[in-house]
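Please read the points below alongside the model itself.

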Amino acid sequence: MFEILLDATVRAGTPILFATLGAIINERAGIINLGIEGLMLIGALAGFSGTYWSGSLLVGVLAAFCASFIAGSIHALITVQLRGNQIVSGLAMTMFGVGITALFGKGMVGLTIDGFKRVAIPGLSQLPIIGKAFFNQDMLIYFSFVLVFLIWFFFYHTLWGLGVRSVGENPAAADTCGFSVSRYRFFAVTIGSGFVGIGGAYLSLASTPMWIENMSAGRGWIAVALVIFAGWSSPRAMLGAYLFGGITAMQLRFQAMGTTISAHILQMLPYFFTILVLVISTQRLQKGASQQPEGLGLPYDREDRK
Amino acid sequence: MKLVIERREITSALIRFSTPIASIGIALFVAGFLLLASGVSPLAAYKEIIIEALGSIYGLSETLVKTTPLIFTGLGVSLAFRMQIWNIGAEGQLYVGAMGATWVALFSGIQNHWVMMTAMFFAAFFCGGLWAGVAGFLRARWRVNEVIVTLLMNYIAILWVDYLIYGPWKDPKGFNFPLTAQFSDTARLAEYFDTRMHSGFFLALFCALVLYLFIERTVWGYEIKVIGSNQKAAQYAGMNTGMAIFFVLFLSGAIAGVAGFSEVAGLQHRLQHGLSPGYGYTAIIIAWLAKRSAIGVVIVSFLMGVLLVGGDSLQLLWQLPVAFVYAFQGLILFFLLASDFFIIYRVKLIRGSINV
């Protein structure tokens with residue numbers, strides 16, 4: 001019973017994990033991206049169509065990354081190069097994503113593909129309790145484990161990672177040190193958006209191997225809130241994503257057991273808990289030791305430098 | 001040859017007005033390619049939108065029907081914008097407002113039309129207000145990000161209304177459809193000219209006027225403007241910014257809640273699934289385009305009403321999904337944001353080399 005629940009937790013948490021990681025890369029460079037929900041949908045549709053046309057799951061995942069990368073470059077262009085309002089641009093991205101995927105996805109509704117299959121890792125998958133949940137999963141889930149590590153390594157052990165963090169914390173100082181603020185921010189937004197797209201592709205390639213209009217159903221917004229819970233750190237994002245995966249898994253379990261509680265009330269739980277978690281993590285944020293990038297949300301204009 | 005970007009010292013009125021219009025034009029142009037890609041001739045589609053939404057009395061009345069909730073929600077969002085507060089939850093506030101009004105209409109047993117209308121109005125007002133007030137409280141007390149809270153509460157509001165209409169409030173005579181019983185005539189707004197147009201439209205215009213006077217002619221309105229432009233200065237001047245944040249979000253949600261009242265009392269006469277096709281999200285564009293002016297909100301709401309009515313007919317004619325309108329709205333916002341850049345900055349092409 002617990003093993004099944006843990007397995008469902010990881011599977012439900014993975015799309016949120018990818019989206020949260022992507023959002024963290026954005027915000028580390030100082031750019032708020034409220035377009036996560038739209039980017040997930042773009043990734044989900046691109047992933048599904050890529051796999052449908054080519055028959056290859058890898059092509060689907062790459063298509064998802066590229067499509068969201070390109071869509072993310074709109075947000076990057078507006079917020080970085082044109083110094084536009086980050087909140088409005090992100091909301092526009094969400095609307096755009098919802099609309100354009102509904103338009104282009106119309107012909108994809110009802111089609112099916114062979115989604116990701118479980119691949120057991122010999123040895124590790126035999127571990128008691130956690131073995132099945134973490135090491136008898138599909139390739140995208142394994143990739144998410146690797147990505148959590150890679151992002152952490154990138155931020156704290158590479159010069160480029162230092163560059164991204166510094167343009168997010170203090171763009172003027174980073175500029176003085178010779179980091180190109182606009183270049184770092186542009187690529188943080190686009191590459192981060194690409195990973196968000198893979199989160200969307202997880203929905204259409206692994207969770208339910210088909211395309212459904214608006215299939216992200218608010219997961220992008222949960223990811224935006226989880227960035228704050230995670231304190232902009234990728235290992236903590238993993239914890240947060242699985243927390244929400246767990247709530248979703250329990251909700252589905254309750255429904256499957258046929259409780260008398262209305263399904264609509266149960267479906268509220270993830271949103272309700274997100275708000276709760278947001279309140280708690282915001283309070284922790286204020287008690288000092290703030291992880292929030294100092295330059296978050298502020299456009300950078302070299303002429304404003306003091 | 002080199003491109004140089006420099007700040008404009010003054011921005012002429014011509015540029016201020018022409019750039020937003022140009023950006024909508026470019027958005028139309030780009031959206032044309034999206035239409036082409038889905039096999040629809042853009043020119044035919046745009047012609048269809050104009051004819052359908054403005055070409056007949058019926059079309060015009062339908063446009064005003066859609067304009068009505070957009071004015072309410074647009075006013076709500078733009079009031080919060082005034083104070084640099086983001087209310088992305090107008091959609092949910094509309095739903096809980098409709099829920100409050102429906103509760104009064106179905107279960108209060110009031111017999112007098114005017115008493116009923118007043119009670120429904122205030123029920124919607126307070127439900128919407130309290131719904132947004134939660135985000136206002138969290139923001140004022142603990143600085144919790146109001147964008148995320150108001151947005152997530154949309155999902156909760158819609159699920160809550162679903163719970164009611166699939167469960168306790170379901171019409172026993174409704175053949176198991178997810179909707180409540182129809183309202184009696186006491187609980188309906190007046191309708192005109194044999195169309196679906198109802199007096200909610202005039203209520204919306206009246207709200208716009210009241211809100212304009214509130215912002216421009218009262219001390220509270222002045223405080224909102226001051227806090228919006230410089231929160232530190234407002235605090236030094238002794239203004240209670242926390243209280244103001246709560247109050248503004250409450251009022252913002254309350255106005256969006258009234259949209260719900262107008263929809264159930266004027267148009268649908270019952271609470272049902274899919275009450276709003278995303279008016280609360282369109283409201284964000286309206287508030288942004290209207291640049292915080294109440295009159296601007298009315299004008300832009302009308303334009304968006306045209307787009308929604310036209311979008312419905314595109315759906316019927318060419319089976320385009322309703323959500324296509326969102327893609328279009330997203331594009332408009334993108335180009336508007338880009339145009340802001342050209343209002344503030346000037347891009348110059350300088351020939352020859354520059355000595356630095």
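1. Conventions. This is a predicted model, in which local features need pLDDT of at least 70 and side-chain atom pairs count only at pLDDT 80 or more, while totals for chains, interfaces and linings use all residues. Residues are numbered from 1 along each chain as its sequence is written, and chains are lettered from A and ligands numbered from 1 in the order in which they are written.

2. Helix H10 against helix H12 in chain A. Helices here are DSSP runs of H or I with at least four residues, numbered from the N terminus. The axes of H10(A), residues 219-229, and H12(A), residues 263-286, come within 8 Å and cross at roughly 25°, where axes are lines fitted to C-alpha atoms over the stretch in contact and angles run from 0 to 180 degrees between N-to-C directions. That angle makes H10(A) roughly parallel to H12(A) (under 35 degrees counts as roughly parallel, over 145 as roughly antiparallel, 65 to 115 as roughly perpendicular and the rest as oblique). The crossing of H10(A) and H12(A) is left-handed, a term used if the near helix is turned anticlockwise from the far one by less than a right angle, with right-handed used if clockwise.

3. Residues of that contact. On the H10(A) side, Ile222(A), Ala225(A), Ile228(A) and Phe229(A) meet residues of H12(A), including Pro270(A), Thr274(A), Val277(A) and Leu285(A); contact requires C-beta atoms, placed from the backbone, to lie within 7 Å. The residues of the contact of H10(A) with H12(A) divide into eight nonpolar, three polar and no charged (Ala, Val, Leu, Ile, Met, Phe, Trp, Tyr, Cys and Pro count as nonpolar, Asp, Glu, Lys and Arg as charged, and the others, Gly among them, as polar).

4. Helix H1 against helix H10 in chain A. H1(A), residues 2-28, packs on H10(A) at an angle of about 55°, with the two axes 8 Å apart. That makes H1(A) oblique to H10(A), and the crossing of H1(A) and H10(A) is right-handed. Among the residues that meet are Pro15(A), Ile16(A) and Glu27(A) in H1(A), and Arg219(A), Gly220(A) and Ile222(A) in H10(A). By class, the contact of H1(A) with H10(A) has 10 nonpolar, two polar and two charged residues.

5. Helix H4 of chain A. The 19 residues of H4(A), residues 86-104, should span 27 Å at 1.5 Å a residue, and the end C-alpha atoms of H4(A) are 26 Å apart, which agrees; the expected span is 1.5 Å times one less than the number of residues. Because 17 of the 19 residues of H4(A) are buried, the helix is largely enclosed by the rest of the structure (buried means that 20 or more other C-beta atoms lie within 10 Å of a residue's own, exposed 12 or fewer, and partly exposed in between, with C-beta atoms placed from the backbone).

6. Contact between the chains. In all, 42 residues of chain B are in contact with 40 residues of chain A. On the side of chain B that touches chain A, at least two residues each come from helices H5 (113-142), H6 (146-166), H11 (279-289) and H13 (324-344) of chain B, and H13(B) gives the most, with 14 residues. The residues on this side of chain B divide into 33 nonpolar, five polar and four charged.

7. Gln268(B), in helix H10 of chain B, is partly exposed, with 17 other C-beta atoms within 10 Å. Gln268(B) and Phe183(B) are 85 residues apart in sequence and 9.0 Å apart in space, C-alpha to C-alpha. Ala27(B) belongs to helix H1 (residues 13-37) of chain B and, leaving aside neighbours within four places in sequence, is in contact with Phe328(B), Leu331(B), Ile332(B) and Phe335(B).

How values were computed: Contact = placed C-beta atoms within 7 Å.
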